[in-house]
Amino acid sequence: MKAKIRILDMYSGRYSVFINEKEAKKAKLHPDDLVKIEAGKKTVYGSVVVSNLVKEGEIGISRDILGLHSFSEGEVVTVIPSGTPESVRYIKKKMHGGKLRKVEIEAIVKDIVDRKLRDIEISSFVTSLEINGLDMDEIAALTIAMAETGDMLDIDRKPIMDVHSIGGVPGNKTNILVVPIVAAAGLTIPKTSSRAITSAAGTADVVEVFAEVSFSLDEIKRIVEKIGACMVWGGALNLAPADDITIKSERALSIDPTGLMLASIMSKKYAMGSQYVLIDIPTGKGVKVETVEQARALARDFIELGRRLGQYVEVAITYGGQPIGHTVGPALEAREALSALMTGKGPGSLIEKATGLAGILLEMGGVAPTGMGKKMAREILESGKAYEKMREIIEEQGGNPDIKPEEIPIGDKTYTFTAPISGYITGIDNKAITGIARAAGAPEDKGAGIELYVKVGEKVKEGDPLFTIRAESEARLDQAIVLARRTEPIRIEGMVLQRIGNI
Ligand SMILES: O=P(O)(O)OC[C@H]1O[C@H](OP(=O)(O)O)[C@H](O)[C@@H]1O
Ligand SMILES: Nc1ncnc2[nH]cnc12
């Protein structure tokens, strides 16, 4: 059928096509049916919403669809019912544990990018990968398909370094220090990050507190060729666009299936033209990888995948048994990262990890002799050169380079938990900390999160503060308090852990 476009001033987070009730009946279209809209060379898929918001002869599109193609009000388009895409059969094959062929993976990725697959089908794909996994051939095919369905960047300032954490550990603002340290040493590092997937703050969420993170490829090229670095949100670019669509489902389910994670991270690196990539695998209880054996196996997969893509990859297995630093949540983490860059000092876990990772990159990039990278990274941090580079990044990304940590607004609704007994901190539950920070509103409410006053191994007296929850609303604060009471994220024990007798 032919219809005139009516632009509806709404964002629904979905690709919805509004069709008048009478017309839907005539055309035998039902809610959630997939339709194709064509006008000249433009083709878009969307799910039907039956609504009298639009008249007969009109078709309503939300602003989400306009993000894909620019239709104009009153433009005549053809609306064609579209059957279930063939790729759904391949998703079912994976659900049943089958191995996918390259062409099948390419079809799934293409349909994800073309929005032929709806959220429910994409979530099923993501879930099937969580349950049945992917082998290396499938992962390589998925990575290349994800990269080739988007744009590629060619930065004229080689070699191109990159760093990426698989995430999962609360408070992981580490790369906000690593990037300026590496760039201050003269290397090029165009860093893209995702927003939070399973955590309470992804690197993009944290950087966004003091700078813009959404840029076009041309803008990124200009920034990186000028100052050697950027810290942007990968989702704003048309780089491996399937990644950001699948991340939406991962985030809703708070899962990060290993094969998809490999493909998702490495497709972005491939599309960015990264040549030397360092992958951080935080390992410990309550994060994505719990044991060193699992971390080693994943490291081998990253290195092999890099080899197939023509990239040199190294992996750092890092301690992820408790949060990094003392803060969790976008604004709190932004304060901590900025303060560490300004003063060269900060929590041991943050400084150690950041200089350790930056040091490896300095060695990989050939600016530090083997074994000297970490020392050089620390000197760059302590000399203020990394902070100077950070100021350049903030300025180029439209932020205020003079911003001070204490000027960053944080949630003013607070509640502090104190030690119920004297003893030693024997554990901090990563999952519980993330859950509480998310319940408090992070990452969407930038000021929400947790300030931690203790780390594992420290001694506390009854009544000492353990952590403060910060929120931007009382309702969110209350939810977080309830969760914190239920999960007790910080374990305190005396030196005598158990008494056992009469066995
Ligand atoms: O921790 P969760 O939310 O699961 O994983 C997502 C985080 O991990 C990566 O970190 P980075 O950009 O390398 O610093 C992503 O880009 C994102 O910031
Ligand atoms: N960009 C990303 N960073 C970390 N984990 C991921 N899993 C999927 N995409 C990811």
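Student: What makes the pairing of Ser193 with ligand 1 a polar contact?

Tutor: A polar contact is a pair of N or O atoms within 3.5 Å; within protein, one must be able to donate a hydrogen and the other to accept it, and residues adjacent in sequence count only if both atoms are side-chain atoms. In this predicted model, a polar side-chain atom of Ser193 lies 2.7 Å from an oxygen atom of ligand 1, so the pair is within the 3.5 Å limit. A polar side-chain atom of Thr203 lies 2.5 Å from a ligand 1 oxygen atom, and for Gly168 a backbone N or O atom lies 2.6 Å from one.

Student: How much of ligand 1 does the protein bury?

Tutor: Ligand 1 alone exposes 420 Å², of which the protein buries 96%; these accessible areas come from the Shrake-Rupley method with a 1.4 Å probe, and for residues only the protein chains shown count as cover.

Student: Which conventions and thresholds apply to the model?

Tutor: Residues are numbered from 1 along each chain as its sequence is written, while chains are lettered from A and ligands numbered from 1 in the order in which they are written. As the model is predicted, local features need pLDDT of at least 70, side-chain atom pairs count only at pLDDT 80 or more, and totals for chains, interfaces and linings use all residues; side-chain values use heavy atoms, with hydrogens and water left out.

Student: Why is a space called a cavity and not a pocket?

Tutor: On a 1 Å grid over the protein atoms alone, a cavity is a set of points where a 1.4 Å probe fits but cannot get out, whereas a pocket is an open set with protein on both sides within 12 Å along at least five of seven lines. The structure holds 1 cavity of 30 Å³ or more, and about 400 Å³ of space lies in the largest cavity.

Student: What makes a residue part of the lining of the largest cavity?

Tutor: A lining residue has an atom within 4 Å of a point. For the largest cavity 31 residues qualify, and those closest to its centre are His164, Ser165, Gly167, Ser194 and Ile197.

Student: What is the volume of the largest pocket, and which residues lie nearest its centre?

Tutor: The largest pocket has a volume of about 1,200 Å³, a volume being the space filled by probe spheres set on grid points joined across faces, edges and corners. Its lining has 38 residues, with Tyr15, Leu68, Arg115, Ile245 and Lys248 nearest the centre.
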